[in-house]
Amino acid sequence: MVILIMRKKLLIILLILPALVKAENGYDLWLRYKKISNNSLLDQYKKQITSPVVLGSSQTITIIKTELTQAFSGLTGISYKISSALEKSSAFIAGTVSTSTVISSIITKEELGRIDNEGFIIKTRPGKTIITAKTDIGVMYGIFHFLRLMQTQQSLVDLNIISTPKIKVRILNHWDNLNRTVERGYAGFSIWDWHKLPDLIDKRYVDYARANASIGINSTVLTNVNANAVVLTEPYLEKVKALADLFRPYGIKVYLTARFSAPIEIGKLKTADPVNDTVQLWWKQKVKEVYEMIPDFGGFLVKANSEGQPGPQDYKRTHADGANMLADAVAPFNGIIMWRAFVYSSASNDRFKQAYEEFKPLDGKFRKNVLVQVKNGPIDFQPREPFSPLFGAMAQTPLMMEFQLTQEYLGQGTHLVFEAPLFKEVLHADTYSKGKGSTVTKVIDGSLNDFSLNGIAGVSNIGNDINWCGHPFAQANWYALGRLCWDYNLSSEQIADEWIKQTFTNDPLFVQPVKKIMLQSREALVNYMTPLGLTHIMYNGHHYGPMPWGNTLNRPDWNPVYYHKADAAGVGFDRTAKGTNALAQYAIEVQNEFNDINKCPDEYLLWFHHAAWDHKMHSGRTLWDELCYRYNSGVDSVRAFIKQWYSLKKYIDEDRFKQIDQLLNIQLKDAIWWRNACLLYFQTFSNMPIPPQYEKPGRTLEYYQNIRILYAPGN
Ligand code: GCV
């Protein structure tokens with residue numbers, strides 16, 4: 001009996017304990033609005049948000065009210081109602097400057113002059129909070145900023161925030177197909193349920209818009225750059241319209257990818273030649289049709305003459321001819337064309353050089369409403385690449401940045417990799433195109449070459465997985481893109497800090513170590529995958545796992561051996577004047593940074609040099625020993641992440657804790673796989689021993705060469 005009672009008690013305890021930290025599935029992203037546990041802060045907050053009022057009457061204002069009701073109630077634990085009219089007791093007032101004299105009397109002309117139509121101003125005094133802007137969309141951004149301050153438990157005392165976005169087109173590129181598969185997608189199927197649109201509006205579309213608005217993303221390309229012309233037919237445009245209507249009050253514009261051969265495929269023309277009058281007319285009519293349905297349609301993103309996609313070169317025309325034809329069609333409606341510079345043909349002796357060779361001669365030849373969209377590096381979203389030389393070479397063309405959020409070459413859906421340090425590394429790089437300080441950032445924001453149109457794109461990592469991005473930490477890359485587009489001066493640390501606090505908890509005992517993991521994660525991945533400038537040695541096709549020996553595809557530049565060129569003498573791609581001379585595409589100062597094998601930073605050594613196995617590195621180690629060291633330190637980092645993560649169990653809900661724990665263990669298995677496969681393979685050339693302090697690969701090279709991952713996702 002006694003035992004029974006004890007058992008019962010034990011049973012009750014077991015049932016109650018897990019319920020203390022409620023299970024979460026990640027769906028709420030960074031908008032969880034959990035009750036603030038710090039009571040003195042809570043008191044301060046309550047005073048600042050007493051009797052909240054939001055002035056105005058648009059759909060955006062309704063959205064703001066819904067968000068605030070949910071947020072204030074969740075964060076304080078008291079239920080709030082947002083009023084539409086000023087009351088004597090209103091401490092919290094939000095609305096455009098024209099909505100109330102209370103607001104306009106507090107905000108100066110000079111302050112207003114410092115924001116654009118999307119910017120906002122937040123001012124607080126004891127017991128008074130003003131959030132204002134020139135437009136309702138600006139007010140919405142101000143509200144989300146304010147909620148971020150609350151969620152990250154910042155003081156609301158004496159705020160004087162004047163904020164305006166540094167980048168105009170802050171855009172996601174979905175590589176989503178109409179059949180709902182996602183190219184390089186690792187989070188399930190596409191969130192766009194084309195089959196049921198426009199009749200079924202999934203709640204996810206609303207939450208997608210909220211999430212983007214909360215981090216300042218104002219544009220989205222719904223479809224894959226490997227485009228399907230069918231999206232431009234009327235039934236699909238109806239579906240696109242439904243999404244555009246829904247996203248509009250969140251400040252989000254919709255764009256589509258344009259398949260260059262659409263006039264033939266859906267227009268029944270014989271040609272898609274951009275100088276042909278009938279073709280031009282077809283596009284003009286198509287564009288008119290789109291704008292009649294979606295008056296604020298953003299424009300088109302185009303991948304042309306790349307990886308088998310049709311384009312102007314099929315008719316012996318240039319990229320500028322193609323882009324300009326589309327630009328002329330959208331210009332009357334203020335649309336823009338984002339024309340991708342991701343091209344590489346087997347004709348060049350170095351894939352690195354291809355985009356520059358094709359686009360540099362076209363500098364200045366594009367219409368004003370064309371942005372040339374350039375991937376961050378010259379090859380293809382590798383764990384580390386030097387910045388694309390195009391950024392320093394197109395002074396007469398506005399260039400926009402393309403980053404990849406989906407981790408095609410960065411461990412895909414199973415590795416924890418925070419990409420903000422990668423983004424910032426590229427943005428900080430100095431092109432020297434107009435002397436010292438000509439950073440990629442200044443090229444992208446237009447300040448260096450005096451362009452007002454500018455943009456940053458992130459290839460989306462969103463799918464229909466319950467937590468949106470597959471890996472719980474992948475959400476941080478979506479978050480980082482939005483925050484950096486708004487303000488590229490934010491540090492990676494700041495972004496990680498905000499994201500962790502909103503996504504998990506404000507407890508510093510959790511925040512600090514997790515931040516450390518995030519900030520080290522990209523370098524760890526570089527070390528266990530492609531240290532010292534190794535490039536593109538992933539598995540063929542799906543790109544998951546190591547395959548440095550890959551040498552069977554038709555085109556040399558699709559094979560890993562092309563990129564590392566390992567032989568008995570050494571390893572690495574000689575891009576100096578003795579090699580392909582790709583370095584000549586950079587300003588002389590950049591060339592000087594990389595040209596001398598003894599001065600080239602370790603991180604980029606094998607990008608630019610074929611270095612001897614006994615080459616002396618900056619550490620004093622030989623290249624071979626350094627390679628062994630880096631691969632092992634990558635593995636050690638992941639081991640440390642796991643140990644650290646395990647110590648954090650008590651701070652978060654069990655579901656997310658376990659999921660991340662298991663994913664980290666996959667990451668460790670993969671890191672060991674990468675290290676062993678690569679070292680064993682490169683050892684066949686170096687003929688040098690793995691130094692005794694490191695673990696010896698437990699399997700043979702043949703074992704690793706025989707691993708087949710047939711059905712990796714996203715391929
Ligand atoms: C959308 C890489 C990817 C392709 C992608 C291409 C691109 O090659 O592997 O899946 O295609 O880049 O950016 O166009």
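Asp380 and Lys375 form a salt bridge in which the closest N and O atoms are 2.6 Å apart. The structure described here is a predicted model. Both partners of this pair are buried: Asp380 has a relative accessible area of 6%, and Lys375 has a relative accessibility of 5%. Since residues under 20% are classed as buried, Asp380 at 6% falls within that class, and so does Lys375 at 5%.

The count of salt bridges in the model comes to 45. One of them joins the side chains of Arg340 and Glu402, with a distance of 2.7 Å from N to O. Arg340 and Glu402 are both buried.

A further salt bridge links Asp350 with Arg575, and here the closest N and O atoms are 2.8 Å apart. Asp350 sits in the loop between β10 and α12 (351–359), while Arg575 sits in the loop between β14 (570–571) and α19 (588–595); the pair therefore ties together parts that are 225 residues apart in sequence. Both Asp350 and Arg575 are buried. Salt bridges also link residues into a network, whose members are Asp602, Glu603, Arg621, Glu626 and Arg630.

Asp350 has a second contact, at the start of helix α12. There, a side-chain oxygen of Asp350 comes to within 3.0 Å of the backbone nitrogen of Phe352. Of the nine residues of α12, eight are buried, so the helix is largely enclosed by the rest of the structure. The buried residues are Arg351, Phe352, Lys353, Gln354, Ala355, Tyr356, Glu358 and Phe359. In an α-helix there are 3.6 residues a turn, so residues three or four places apart point the same way. The elements that cover the buried residues of α12 include the helices α11 (319–330), α18 (560–564) and α20 (605–608). Strands β10 and β11 (370–375) are also among the covering elements.

Elsewhere in the model, five strands form an open sheet with mixed pairing, in the order β1-β2-β4-β3-β5. The edges of this sheet are β1 (53–54) and β5 (160–163), each of which pairs on one side only. Strands of a sheet pair through backbone hydrogen bonds, either parallel or antiparallel.

Within the sheet, strand β3 (residues 120–125) runs antiparallel to strand β4 (residues 128–132), and five bridges join the two. Lys123 has Ile130 of β4 as its bridge partner. The hairpin of β3 and β4 has two residues between the strands, and in this hairpin Gly127 takes a positive phi near 70°. Strand β3 also pairs with β5, again in the antiparallel sense, over four bridges. In this pairing Ile122 has Ile161 of β5 as its bridge partner. Five of the six residues of β3 are buried, so this strand is largely enclosed by the rest of the structure.

Definitions and conventions. Residues numbered from 1 in each chain as written. Predicted model: local features only at pLDDT ≥ 70, side-chain atom pairs only at ≥ 80, totals over all residues. Heavy atoms only, no water. Salt bridge = Lys/Arg side-chain N within 4 Å of Asp/Glu carboxyl O. Buried < 20%, exposed > 50% of the residue type's maximum accessible area, 1.4 Å probe, protein only. Contact = heavy atoms within 4.5 Å. Polar contact = N/O pair within 3.5 Å; in protein donor to acceptor, adjacent residues only side chain to side chain. Pairing = 2+ DSSP bridges.
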